[in-house]
Amino acid sequence: MKQILDILRSKTSLYWSLTKSMQTGLLLSTGIAGFLTARSSVIQWATLLELLISLFLAIAGSTIINMWYDRDIDAIMKRTCNRPLATGKVSPDEALRLGLLLSISGTIMALFMNPLYGLVVSIGIFLDVVVYTIWLKRRSAWSIIWGGISGGMPILAGRVLGMGHIDLVGYLLAISILFWIPTHIMTFNILYYNDYLSANIPTFPSIYGFSRTRAVIAISSILPAISIGAASWMIGIQWGFLRIFGVMSVGLILLAVSSIRKPSDLVNFGLFKYASIFMLASMVLISFNLK
Amino acid sequence: MKISKYNRILLLLTTVFASYLVAVGVDNLNAIPIITYTIGFGTLLVTSLMLNLLGYDALESSIVIIISTIIPLSLSLGLVWQYFTGLRQIYFVFSLLGLFAIALSRLSSLVKLTPILISLVHGISGLTIFILPIIITINHRMPPIFYFVGLGGGFIGVGSLLLTQLKSNYPYVNRQVILNIFPILLFLATLSFVIGFTAY
């Protein structure tokens with residue numbers, strides 16, 4: 001019995017690391033935020049729980065499939081060479097089966113909950129796995145746009161589930177994530193430049209140079225602030241929260257300008273971290289804007 | 001020099017308290033004080049957040065002196081606007097000119113003028129935040145707890161002076177001491193403002 005428990009514990013730990021829990025958690029939080037922006041007079045806890053489960057399954061599943069597909073380049077890159085698939089702790093077939101099981105069950109659950117919500121979730125998985133990872137990631141540095149669009153799907157899905165239809169606020173929220181994701185990916189492209197080069201992955205810094213990439217990061221840090229600010233205003237967020245948005249946006253712009261004027265790894269990484277905190281704070285603010 | 005864990009927690013609390021002040025603390029005031037206090041507390045929020053993310057290297061930037069001027073100027077302008085209506089225009093002009101002059105001297109070739117301008121602008125704005133709450137509470141226009149705003153102003157004043165020392169060629173205080181004390185002062189100032197602003 002103890003042996004079975006030990007095996008279960010070790011498998012769970014390995015599978016958990018396959019889901020990139022931080023990234024999955026952040027995307028899940030955007031989905032919850034999207035749902036809560038619908039401002040139902042009473043929070044529908046059962047629906048919220050279903051959203052949590054279905055989105056977690058879909059996001060974690062597609063992440064595992066991505067990791068399965070990228071196992072060869074993960075093994076080459078220093079940053080990722082310790083992942084379970086790259087080290088052989090989990091076999092490729094096992095990972096693929098798990099990824100397919102999770103993503104398909106998440107999609108089916110989403111379709112049963114609300115067909116439109118299910119459709120948005122399915123499109124998100126398709127864009128992430130097929131278009132971004134399998135088709136474009138190894139061919140073009142511009143693949144990150146598709147990575148961004150698929151990253152915007154959870155918040156749009158949450159909004160769709162809450163509203164019952166797709167609206168402008170949903171698009172704005174999705175666009176804010178779309179523009180945030182390139183800052184995330186490009187910062188890693190700069191920090192682990194040699195890793196990507198040795199794995200033969202085309203990135204913005206390797207094709208357009210560091211200074212242009214920093215400029216793109218700076219611009220894509222500001223655009224989410226504008227987009228989520230507009231969405232928050234349309235949602236009818238309280239003035240106090242809008243003031244925090246304003247203040248944090250000014251900080252973001254200052255850091256972005258500073259990263260272009262005096263580029264350095266420190267400012268660049270600082271901008272990335274600030275943009276991430278900005279997004280997380282935005283999610284919290286639009287989620288808990290209870291009147 | 002790395003920020004200690006203890007100071008990181010203080011900076012995080014400063015961010016949280018400053019966010020509270022921006023979002024809730026100034027809600028019941030008129031438009032101009034809301035704007036000036038939002039600028040002041042917002043600068044505290046962003047400063048503490050950036051210090052936590054970038055470390056003490058954030059203090060190396062040439063705009064630090066300008067930022068450290070914005071906090072006392074905006075807070076003192078808010079107080080004057082609320083309680084000394086006769087001085088509104090003159091203090092508003094003083095604030096704008098003071099900030100502009102320090103920014104100009106810092107970012108141009110007039111760097112030698114910066115210490116004089118800082119002493120003048122910080123001196124007046126710092127004393128305003130420190131003394132005005134005393135006068136206001138003595139005149140029973142606000143409850144005694146409002147004096148914490150003056151205390152916060154005092155902490156901000158000391159912090160600004162230390163930052164100026166950091167940028168000085170002949171500092172009186174050791175750099176390491178300044179860097180260790182600075183997060184504590186930011187935290188104490190913000191905490192005092194939170195307590196003081198409960199008077200509204």
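Student: What share of the 291 residues of chain A counts as buried?

Tutor: This is a predicted model, and in chain A 48% of the 291 residues count as buried.

Student: What makes Ile129(B) buried?

Tutor: Ile129(B) has 28 C-beta neighbours inside 10 Å. The cut-off is 20 or more, so Ile129(B) counts as buried. The residue lies in helix H5 of chain B, residues 114–138. Beyond its neighbours within four places in sequence, Ile129(B) is in contact with Pro72(B), Leu75(B), Ser76(B), Leu79(B), Gly150(B) and Gly153(B).

Student: Why is Met113(A) called partly exposed?

Tutor: Met113(A) has 17 other C-beta atoms within 10 Å. Buried needs 20 or more and exposed needs 12 or fewer, so with 17 Met113(A) is partly exposed. Met113(A) sits in helix H6 of chain A, residues 92–113. Leaving aside neighbours within four places in sequence, its contacts are Glu50(A), Ser54(A), Gly118(A) and Leu161(A).

Student: How far apart in space are Met113(A) and Arg79(A), C-alpha to C-alpha?

Tutor: They are 38 Å apart, with a sequence separation of 34 residues.

Student: How do you know that chain A agrees with a compact globule?

Tutor: For 291 residues a compact globule would have a radius of gyration near 19 Å, and chain A has 19 Å, so the two agree. The C-alpha atoms of chain A fill a box of roughly 55 × 50 × 35 Å along the principal axes. Of the contacts in chain A with a separation of 6 or more, 73% are between residues 24 or more positions apart.

Student: Which helices of chain A cross at roughly 145°, with axes that come within 10 Å?

Tutor: Those are H2, residues 21–36, and H3, residues 45–69. H2(A) passes H3(A) in a right-handed crossing. The residues of H2(A) in this contact include Leu27(A), Leu28(A) and Phe35(A), and those of H3(A) include Leu51(A), Leu55(A) and Ile59(A). By class the contact has 11 nonpolar, four polar and no charged residues.

Student: Where do the axes of H8(A) and H9(A) stand relative to each other?

Tutor: The axes of H8(A), residues 143–163, and H9(A) come within 7 Å and cross at roughly 145°. This crossing is right-handed. Among the residues that meet are Gly148(A), Gly152(A) and Leu156(A) in H8(A), and Leu173(A), Leu178(A) and Ile181(A) in H9(A). The classes are 16 nonpolar, five polar and one charged. Gly counts as polar.

Student: Which residues have the most contacts inside the largest nonpolar core?

Tutor: They are Ile64(A), Ala157(A) and Leu21(B), in a core of 134 residues. Helix H9 of chain A, residues 168–191, gives the most to this core, with 12 residues. Not counting residues up to four places away in sequence, Ala157(A) touches Gly31(A), Gly34(A), Leu55(A), Tyr117(A), Val120(A), Val121(A) and Gly124(A).

Student: How many residues does each chain bring to the contact between A and B?

Tutor: Chain A brings 11 residues and chain B brings 14. On the side of chain A, H13 (239–261) and H14 (265–287) each supply at least two residues. H13(A) provides the largest share, seven residues. By class, the side of chain A has six nonpolar, three polar and two charged residues.

Note on methods:
Residues numbered from 1 in each chain as written. Chains lettered and ligands numbered in written order. Predicted model: local features only at pLDDT ≥ 70, side-chain atom pairs only at ≥ 80, totals over all residues. Contact = placed C-beta atoms within 7 Å. Helix = DSSP H or I, 4+ residues; strand = E, 2+ residues; numbered from the N terminus. Core = buried A, V, L, I, M, F, W, Y, C linked by C-beta atoms within 7 Å. Axes fitted to C-alpha atoms, helices over the stretch in contact; angles between N-to-C directions. Left-handed = near helix turned anticlockwise from the far one by under 90°. Rg over C-alpha atoms; globule rule 2.2 N^0.38 Å.
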